[in-house]
Amino acid sequence: MNKTRSSGRTVGGLRTLSLQAPAVSLLFLWMIVPLAMTVWFSLQRYNLLMPGMTGFAGLENYEYLFTDPALWSAIGTTLLLVGWVLAITVVGGTLLAVLFQQEFLGRGIARVLAISPFFVMPTVSALIWKNMMMHPANGVLAWLAESLGLPALDWFSSLPLTSIIIIVAWQWLPFALLILLTAMQSLDDDQVEAARMDGAGPIAIFFFITLPHLKRAISVVIMIEMIFLLTIFAEIFVTTSGGPGLATTNLAYLIYIRALLDFDVGMASAGGVVAIVLANIVAVFLVRMVARNLES
Amino acid sequence: MTTARTKSMSAAGSVPKATPSPLFAALSSRRLWLTVLGWTVAGVIFFPIFWMVLTGFKTEAEAVADPSLVFSPTLDSYAEVQSRANYFHFALNSVVVSFGSTLLALLIAIPSAYAMAFLPTKRTKGTLLWMLSTKMLPPVGVLVPIYLLFRDVGLLDTRTGLTIVYTLMNLPIVVWMLYTFFKDLPKDILEAGRMDGAGTLQEVWFLLLPLTLPGIASTGLLAVILSWNEAFWSLNLTSSQAAPLTAYIASFSSPEGLFWAKLSAASTMAIAPILVFGWLTQKQMVRGLTFGAVK
Amino acid sequence: MSTLQLKQITKSFGETDVIKGVDLEVNDREFVVFVGPSGCGKSTLMRMIAGLESATSGDIVIDGQRINEVGPADRGLAMVFQSYALYPHMTVEDNMGFSLRLAGVPKAERREKVLEAARILQLEPLLDRKPKALSGGQRQRVAIGRAIVRNPSIFLFDEPLSNLDAALRVQMRIELARLHEELDATMIYVTHDQIEAMTMADKIVVLQGGVVEQVGSPMELYHHPRNRFVAGFIGSPKMNFLPVEVTEAGAEGVSVRLPGGDVTRVPVAGQDQAAGTALELGIRPEHLVLDDQGPLSGEIQVLERLGGQTSLYVRMGEQTVTIMADGDVAHRVHDTLRFGFEPGRAHLFDADGLALPSLEAHPLASLKRQDNRMASSADSE
């Protein structure tokens, strides 16, 4: 026992390996097996409703997929959803972080309230918004509009994607706030004071000191949100079910429709491959960034 | 240094005492505005949750009536959620699956994070990054094979199946978070333990675990939160037997199910514990969620 | 009886060689100090002795036994860490008793041993406290106490005083010397501070770049540094180095031409030094004397009056020379002054930085600290 510990590097390496083995091998299986299967299925003619018609399909599924207008609409929806939510949460999160960094009465409690939506499960938040906030007859927003003398809006039929964006942004704004607030707390007070001595006002301090300091945290927020937002599912599932038409069908929801509603395994898998490729374009940047952090 | 500065500040502040402190007034009015603004913003963001909690104490009729803060609170909805829909069945599923998967993930991750933090090799960094990269695999990309695999081995709609998925889903984050907490522990302390005659197990048991308990706890809480709120796999891999609360709440979305008070009561119960967990661990959570890139 | 031998020890981290073949002998009950600039390998060397790092090659021998393969806990050593490395979640008593607890020593016996160590270190009133409730000096003493409890054959100290403030450091230095006497144990001590080395060591090991530059008693290193590095490292303020040129070499010493043009004969062995060879003359600031007839001269640039002593920084052409003079010197900044030295105090270094050996050993060079102690205790009786 003791001998193993004190002797050379290779033994230490072996110990490291054996301690890591469970986590690494499980994750490896979890990643590689389904991934390989997805790729394999995407090259197969495989529909659960048509058990007889199986066999190698080559790129046929991809051909169908790429000529299917639903795919392009879904990719467009996905990008719109991701883009808008990102814009709202990053800009809003930065401003909120600046606000909640200021000293005021009961700041601690106000902060806690503001980050709460992040801990609400997606199905709950989607249903609160759908039923109690955005409902055309009984929702709070309709009531507000009416009391202001405006016509009530049927959010999910007239502005379906906007509604989804609002719900998702509501969930993720607190995430951005939480991360950026933490990052802001690591800003050196001396730096701000030095800037003030140099004659910088609050706005100059924000643009020349605070924002550069937050740059890294903001990019982390963007990348992590992107990974999650690319595959938003539950919010769509419980509110619009992808509709009306394809108005709120993103890539994740499209794959769900193809796989579990149409039972077209081949097509769904091809869509899965597209989703994986999309996610990994983002991932490369995130991994690089975290890697740089590991060095220091 | 600080005292010197405070002193000079107060000295400067005491000079214009003749003109009754306009500086002080300006400061406090700024504070007042900030207080109003801060609470307004926080209130707007929190409002949907507040409204939901409120609605849970209303009758169904009140719930769909014009918004009002005036009503006589009732617990009927809470009672009905249990008696009609067997709320506790789903709550139990959530508890078993999220705590079970968290425990499993911790058990698997602790040795791994220990090795990475204290016995690093040339490959450690690569392994960590690779673990992170497995998070980049969107669940929807592997939904089909997982669904078919689970169907074939009988794991569909079982707690075991969902527990396995959540364990693996959270494993990278758990390893990373533990790794950053372990790394913060001074190496000297473990070496002192080794000089004192502690073997690996004793080192972990007497030193590492007690010293990093807060970190392990918040890692665990984050994993519980993430599993509890997970709504992709739960919606796709479970139906009635093993459905956790996320899936149960989703069943309220059907158009005929306009039971807002009951939905609110059920939702309030579903999110209350997690909200508290989240409030407790917000600081440490940032580390886990950003893989240590923001501290 | 605890002796330690290092035989041709090397250590490499990947491509970098940190320790490049160290041979060393530590005798029983000796207080040995490893000293050198940061990155010289002194801590690595100690960690190899402790068993926290493995040696790449070579033998570590304790009491005649090769222990390269023995785990750190089984080497019979105890180590005091620079950061103290106290277990923050345990009380002082549990900290000190942890090794005994791991070894399965019964509670009563454990307590007895801890109390004994606490008595030596005056820690009794603190036994129930947690480390965070202790001052730096108290933590330091607990760390030492933890080592004492193990009753080790050799104590290892890794820069134990570097986290203390100056006053406390002086006090702990005295306390450590006292402990060494009281415990009668072999101690190995790592520091970058040559004052700690000079004041506590029986034997100093000067390391640089993973190589032992010189091993010897403090006075030996001070009076007979083997090379320019040791000469510059030991002693404070640092030794002055002046470029000189050999004019004549003989049995009586080597004559060199000083920067001012004067020639002086330094009593060192160097008959093979040809006239015209460039050497460096080393002379300590405390050995430079103000002398109107002196061979050297320069302009005072900075003058630091410490009361009892005055440091003069004197510009001599291209270089600055430090002189430790009497506290009462009347000179002012920008005065030009003349100064000199007794040739026997000077050292000569060749182009490789090696010292030309003195013709005569300094009378204190072989003095050990034990002799010092005996002398002083004899005085007091």
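Predicted model: local features only at pLDDT ≥ 70, side-chain atom pairs only at ≥ 80, totals over all residues.

Chain A has 14 helices and two strands; helices (H or I, at least four residues) and strands (E, at least two) are DSSP runs, numbered from the N terminus. Its radius of gyration is 24 Å, well over the 19 Å that the globule rule gives for 296 residues, so chain A is more spread out than a compact globule. Here the radius is taken over C-alpha atoms, and the rule is 2.2 Å times the number of residues to the power 0.38. Along its principal axes, the C-alpha trace of chain A spans about 80 × 75 × 30 Å.

Residues are numbered from 1 along each chain as its sequence is written, while chains are lettered from A and ligands numbered from 1 in the order in which they are written.

Of the 296 residues in chain A, 45% are buried; that term requires 20 or more other C-beta atoms within 10 Å of the residue's own, with C-beta atoms placed from the backbone. Contacts, meaning C-beta atoms within 7 Å, also deserve mention: among those in chain A with a separation of 6 or more, 69% join residues 24 or more positions apart.

Let us turn to one residue. A:E235 is located in helix 12 (residues 234–239) of chain A. Why does A:E235 count as buried? Because it has 26 C-beta neighbours inside 10 Å. Beyond its neighbours within four places in sequence, A:E235 contacts A:P122, A:A126, A:I164, A:I167 and A:V168. The C-alpha atoms of A:E235 and A:V124 are 8.9 Å apart, although 111 residues separate the two along the chain.

Next, the contact between chains A and B. Chain A contributes 86 residues and chain B 84 residues. On the side of chain A, helix 2 (residues 9–42) gives the most, with 18 residues.

Finally, a helix pair in chain C. Helix 3 (residues 107–120) and helix 4 (residues 136–149) of chain C pack at about 135 degrees, their axes 9 Å apart. Axes are lines fitted to C-alpha atoms over the stretch in contact, and angles run from 0 to 180 degrees between N-to-C directions. Helix 3 of chain C is therefore oblique to helix 4 of chain C, since angles under 35 degrees count as roughly parallel, over 145 as roughly antiparallel, 65 to 115 as roughly perpendicular and the rest as oblique. Residues C:K113, C:V114, C:A117, C:A118 and C:I120 of helix 3 meet C:G145, C:I148 and C:V149 of helix 4.

Key
Buried ≥ 20, exposed ≤ 12 C-beta atoms within 10 Å, placed from the backbone. Contact = placed C-beta atoms within 7 Å.
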